[in-house]
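This note sets out a series of points to be read alongside the structure. Each point takes up one topic and may be checked by inspecting the residues that are named.

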Amino acid sequence: MFRFKQFSVDQSGCAMKINTDGVLLGAITEADDPKTILDIGTGTGVIALMLAQRFTNAKIDAVEIDTVAAKTAGRNFEASPFADRLTVYASDFESYLSGFLEKKYDLIVSNPPFYIDSLRSPGAKRTLAKHTDVEFFERFVKAVSNHLTPPGCCWLILPVSIAEIVIELATHHRLYLQKRINVKSYPYSEVHRSIICFGFDKVSVQIGKLTIYQEVNVYSEEYQHLLQPYFLAF
């Protein structure tokens with residue numbers, strides 16, 4: 001059980017536990033008072049819960065292909081103060097969206113699987129959660145383009161090289177990079193993640209950066225400030 005300031009997250013049965021990528025995406029995502037949000041690959045439900053805490057007028061749908069993880073996320077939603085605004089669907093995102101062809105979202109988020117053409121990890125569930133290929137992202141950006149409202153935005157967190165691939169794929173569906181935050185572990189580290197935001201409007205791309213640790217075992221002030229609304233430790 002991972003306890004946040006306004007909710008708790010049971011991680012039972014979830015191949016992918018709460019991690020830095022997920023909470024960073026949940027904390028850094030911005031949107032203009034979204035009324036509808038879709039979290040693709042919700043896992044424990046932590047990102048959906050963080051967004052429910054911040055966007056108090058939003059109804060949030062969360063999709064999770066792993067049925068056990070979906071049940072866990074559902075319990076986490078029901079136990080939260082935001083239960084009436086959160087719904088989980090045990091499904092892959094394409095099957096889910098094919099049942100709601102006319103549904104549009106003001107904000108779509110995902111901490112997706114990202115090891116393209118890499119070695120498969122040993123556990124079947126972990127493989128499902130962490131591995132994918134280019135075709136997955138092609139289908140993903142097509143789905144986003146079909147279900148994003150005209151002023152809406154989509155936020156993802158990805159390794160740098162894969163972010164470049166997704167940015168290029170998105171342009172084929174009239175989705176353009178609007179914001180990018182480059183993340184590194186330490187001041188002297190290489191950037192290892194990119195948090196990207198894209199939408200239908202072509203705008204000047206805003207580039208930011210975030211460092212997680214000031215030194216070993218010491219979080220940076222910017223990281224603490226970002227997670228302060230959520231983490232008990234901050």
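A residue is called buried when its relative accessible area is under 20%, exposed when that area is over 50%, and partly exposed in between. Please note that the model discussed here is a predicted one.

1. **Asp10 and Arg75.** With a relative accessible area of 18%, Asp10 falls under the 20% limit and is therefore buried. Asp10 forms a salt bridge with Arg75, and the closest N and O atoms of the pair are 3.9 Å apart. Asp10 belongs to the loop between strand S2 (8-9) and H1, whereas Arg75 belongs to helix H3 (residues 67-78), so the pair ties together parts that are 65 residues apart in sequence. Arg75 itself counts as partly exposed, at 42% relative accessibility.

2. **Glu30 and Lys179.** A second salt bridge joins the side chains of Glu30 and Lys179, with an N to O distance of 2.6 Å. Glu30 is in the loop between H1 and S3 and Lys179 is in strand S10; the pair therefore ties together parts that are 149 residues apart in sequence. The relative accessible area of Glu30 is 44%, which means that Glu30 is partly exposed.

3. **Asp33 and Lys35.** Asp33 and Lys35 also form a salt bridge, their closest N and O atoms being 2.8 Å apart. Asp33 is partly exposed, with a relative accessible area of 39%. Lys35 is likewise partly exposed, at 40%. How many salt bridges does the count come to? The total is 7.

4. **Helix H1.** Is helix H1 largely enclosed by the rest of the structure or left open? Of the 9 residues of H1 (residues 20-28), 8 are buried, so the helix is largely enclosed by the rest of the structure. The buried residues of H1 are Asp21, Gly22, Val23, Leu24, Leu25, Gly26, Ala27 and Ile28. At the start of the helix, a side-chain oxygen of Asn19 comes to within 3.2 Å of the backbone nitrogen of Asp21.

5. **The sheet as a whole.**

6. Strand S10 (residues 176-184) pairs with strand S11 (residues 193-199) in the antiparallel sense, over 7 bridges. Within this pairing, Phe198 in S11 is the bridge partner of Leu177. S10 is also joined to strand S12 (residues 206-211), in this case by 6 bridges and in parallel. Here Lys179, the residue named in point 2, has Gln206 in S12 as its bridge partner. Elsewhere in the sheet, strand S3 (residues 36-40) and strand S4 (residues 59-64) run parallel and are joined by 5 bridges. Asp39 has its bridge partner, Ala62, in S4.

7. **Ser91.** Ser91 is found in the loop between S5 and helix H4 (93-98). Ser91 counts as buried because its relative accessibility is 16%. Apart from its neighbours within four places in sequence, Ser91 is in contact with Val63, Glu64, Ile65 and Tyr96.

8. **Cysteines.** The structure holds 0 disulfides. Cys197 is in no disulfide, and the nearest cysteine sulfur, that of Cys153, is 4.3 Å away. Cys197 is buried, at 2% relative accessibility. Cys14 is buried as well, with a relative accessible area of 4%.

Note on methods: Residues are numbered from 1 along each chain as its sequence is written. This is a predicted model: local features need pLDDT of at least 70, side-chain atom pairs count only at pLDDT 80 or more; totals for chains, interfaces and linings use all residues. Side-chain values use heavy atoms; hydrogens and water are left out. Buried means under 20% relative accessible area, exposed over 50%, partly exposed in between (1.4 Å probe, protein chains only). Helices (H or I, at least four residues) and strands (E, at least two) are DSSP runs, numbered from the N terminus. A polar contact is a pair of N or O atoms within 3.5 Å; within protein, one must be able to donate a hydrogen and the other to accept it, and residues adjacent in sequence count only if both atoms are side-chain atoms. Two strands pair if DSSP finds at least two bridges between them. Contact means heavy atoms within 4.5 Å. A salt bridge is a side-chain nitrogen of Lys or Arg within 4 Å of a carboxyl oxygen of Asp or Glu. A disulfide is a pair of cysteine sulfur atoms within 2.5 Å.
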